[in-house]
Every structure is written in C-alpha cells, then in structure tokens.
Amino acid sequence: MSMVDTLGRPVRDLRISVTDRCNFRCVYCMPKEVFGRDYQFLERRELLSFEEIDRLARAFIRLGVEKIRLTGGEPLVRRDLARLVAMLAEVDGLDLTLTTNGSLLPQHAQALRDAGLNRVTVSLDSLDDEVFCAMNDVDFPVARVLQGIDAAAAAGLAPVKVNMVVKRGVNESSILPMARHFHGSGHILRFIEYMDVGHTNGWRLDDVVPATEILSAIAAELPLEPADANYHGEVAKRWRYRDGGGEIGIISSVTQPFCGSCTRARLSAEGRLYTCLFAVRGHDLRAVVRSGSSDEELDGAISAIWRGRSDRYSELRTAETAARPKVEMSYIGG
Ligand code: SAM
Ligand code: SF4
Ligand code: SF4
C-alpha cells in the first residue's frame, strides 16, 4: 500500500527502541540529575514483546518501510536481542541495522551478525578518555568502545558507522583527532550537530557547532569533496576524502534541516509511534496490537496516523520551541 503524509512524504525508515534503559548517562541525552536512581524506567510488562515488535514491523513494511534500525536506550541491554534480529531478518530485502554505544559489542557482535543483522552504528564522542568519560558520565573508557568497533567489523557488520555528537566547548577539540583516526580505516565517521531533543539536557543554540565549521576544520587538513547521497532522504550529507581515505558524514539537523525529505517513523519500547523526533506525544500502537486487531486494522491504524502527519519541527525551531517539553532521546532512540 502506498501512503504519504500531508506533505507528500512516504514512510521508508523505521526506528525501533527496544528499551529505554542504558548503561551510560551521556550528558546530552540522559543527564544523571534526571536519570538517577529514582527515575521510573518502563516496567518489563510495559515493553513490547519481540513477537509484538515483529508484528508491528511487518505492518510498517507492508506500508512502505525498507529499512529498520534497532535502538534505545542502549539496545544491547535488552536480553536476547539476537532473537528479535533473527525474526526481523526473515523479511526479504529488509535493511536491518542497530545503533549502540558499543560497550557490549565485543560479546554480542558475532551473534547479531549470525542472526542476520546487516550493519551497526557505534556512538563515540572523543578519543580522549577525559573528554569521553565526562560525556558518557559513567567513566567508560574509549579503548573498550574501539574494541566494540573492531568486533563489529570482524563479525562482518561493516562498514561500521561511528556517530560523534559535537557539543561546543565540550568535544570540539576531538573533531580532528577523530577524523584522523578513522581516515583510511574503512569505518564511516559521522558528525551530529547537538540537538534540542527532550527537555532535560539544557540545550542552547550556542552549544551547537555548525556543520560548516566541522567541515572546514577537517578539510583544512584532510581535503574533502562532496559525494552523492546514497538514496533520496539520506540524513547525513556525505563528503569523500580527496586522497581516497574514505568518507565522512555530517548530520546538520539544526543548521540545515531536512524535514522536507523526512520519511522516518519511530516506535518506542512500549509501542508508541512518534512521527517526529521532536514530537510531544506518541500514538499508542500497543493498545491496537493487544486488542486483538487484524492485520488490516493494524495497517489502517498506522496509515491513518501517517496520513495525518505534518511534522517539520527542525524547519520551525526557535528558542521558544526548544524549551518546550518533548520526548526524550533515550526513550525514542534518536
Ligand atoms: N545508546 C545507543 C547509542 O548511544 O548509540 C543508541 C541510542 S542513542 C539515543 C542514538 C544516537 O542519538 C546516538 O548516536 C547519540 O549520540 C545520539 N544523540 C543522543 N542525544 C543527542 C542529542 N541531544 N543531539 C544529537 N544526537 C544525540
Ligand atoms: Fe545511552 Fe545512547 Fe543516550 Fe548515551 S546516547 S545515554 S549511550 S542512549
Ligand atoms: Fe523529521 Fe521531525 Fe527531524 Fe524534521 S524535525 S527531520 S520531521 S524527525
């Protein structure tokens, strides 16, 4: 079934959060002051089961989704995730990927690959332990994330993408060392402008290092040229090293928004559908699934939500919208 929203955008890409929990407390995502001992995470019974996730994923695929990314919180803290991967990997032609902080990849990479996962994206914000530990806020060392990246590549989950969120005054000085490290490695480093997701990270526009600045810092030492997008609606703008050392990506959702080509749906761990990363509210699909609906009814419910979609938050962002309460990144998965 072909289905477009009010701005003519189809649904192509689904992010599924499998847990709202995480073993990190990144300052830009799950600040400790908020996500402390008393924070009420979802209870187990509130989470979608793997069977429910699989059923919902297949409904989205019938409606046009070609690509699924598992995320969280930290997806690898959800027990037996490879079983879910194996269920989803049965769908012919589906591009199935995962975003992780990399901490648990050494023990899980091979099983995930064997279950049918195609690739992984690993988040790493600096090569400097002092900077990285201050950002993940649980003293997790860089070397162990690098081991996770190696384990993923060795298992065939390649090319590995590496996500670096850049925050002004915190890890700007890590931009060039990261570029040098991953230049020629076969991994694709992607810089992400720090975003005003959620309402707990105290985001200010001044904290954002614009894509143009990131690019010129790298290009001054390692010359770059633009590369074509892999597909329509690709979020990262691609740049290729002129010396053949591979490519980087820059995700400039703050300074150069791309809502016009946004074909992404997000499903929270408890089965709420969010049609925008900055949405205030989600639509309860768990209730639809648990009410014994037929596949036609499920498709109809999703389709009605998508057809009514008019989100373009990043194009409308102001200091005032940034201060509004919004869904948290750790809940919706980025
Ligand atoms: N825990 C996994 C991880 O860190 O890769 C998956 C979930 S995490 C929410 C997904 C991505 O969102 C990560 O690459 C993370 O760096 C990014 N992210 C989190 N908060 C962000 C923010 N405020 N601005 C930009 N990116 C952010
Ligand atoms: Fe956890 Fe990922 Fe958020 Fe960091 S960015 S706190 S690793 S969910
Ligand atoms: Fe898509 Fe919302 Fe981000 Fe715009 S702000 S690109 S509509 S998720």
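1. Let me start with Ser 126, whose side chain reaches the backbone nitrogen of Asp 128 at 3.0 Å. The side chains of Ser 126 and Ser 174 are also joined by a polar contact of 2.7 Å. A polar contact here is a pair of N or O atoms within 3.5 Å; within protein, one must be able to donate a hydrogen and the other to accept it, and residues adjacent in sequence count only if both atoms are side-chain atoms. Ser 126 sits in the loop between β4 (119–123) and α4, where helices (H or I, at least four residues) and strands (E, at least two) are DSSP runs numbered from the N terminus. Ser 126 counts as buried because its relative accessible area is 0%; buried means under 20%, exposed over 50%, and partly exposed in between, with a 1.4 Å probe and protein chains only.

2. A word on conventions, as this is a predicted model: local features need pLDDT of at least 70, side-chain atom pairs count only at pLDDT 80 or more, and totals for chains, interfaces and linings use all residues. Residues are numbered from 1 along each chain as its sequence is written, chains are lettered from A and ligands numbered from 1 in the order in which they are written, and side-chain values use heavy atoms, with hydrogens and water left out.

3. Now for ligand 1. Of the 20 residues around ligand 1, Tyr 28, Gly 73, Ser 123, Val 165 and Met 195 come nearest; a residue is near if one of its heavy atoms lies within 4 Å. The shell divides into 8 nonpolar, 10 polar and 2 charged residues. In this scheme Ala, Val, Leu, Ile, Met, Phe, Trp, Tyr, Cys and Pro are nonpolar, Asp, Glu, Lys and Arg charged, and the others, Gly among them, polar. The strands β3 (95–100), β5 (161–166) and β6 (188–193) each supply at least two residues of that shell.

4. Which atoms of Tyr 28, Ser 123 and Asn 163 approach ligand 1? For Tyr 28, a backbone N or O atom lies 3.1 Å from a ligand 1 nitrogen. Ser 123 places a polar side-chain atom 2.6 Å from a ligand 1 oxygen, and Asn 163 has a polar side-chain atom 3.2 Å from an oxygen of ligand 1. The protein covers 95% of the 550 Å² of accessible area that ligand 1 has on its own, by the Shrake-Rupley method with a 1.4 Å probe.

5. On to the rings: the count comes to 7 aromatic pairs. Rings of Phe, Tyr and Trp (its six-membered ring) pair if their centres lie within 6.5 Å; planes under 30 degrees apart are stacked, over 60 edge-to-face, and the rest tilted. Phe 24 and Phe 140 make a tilted pair, 5.0 Å centre to centre with 45 degrees between the planes. The two are 116 residues apart, linking distant parts of the chain. Phe 24 is buried at 3% relative accessibility, and Phe 140 is buried at 9%. Together with Phe 132, Phe 24 and Phe 140 form one aromatic cluster.

6. Finally, ligand 3 is surrounded by residues including Cys 259, Cys 262, Cys 276, Arg 309 and Phe 278. By class, its shell has 7 nonpolar, 1 polar and 3 charged residues. Arg 317 lies over the face of Phe 278, at 5.1 Å from the ring centre. The rule asks for NZ of Lys or CZ of Arg within 6 Å of the ring centre and within 35 degrees of the ring normal.
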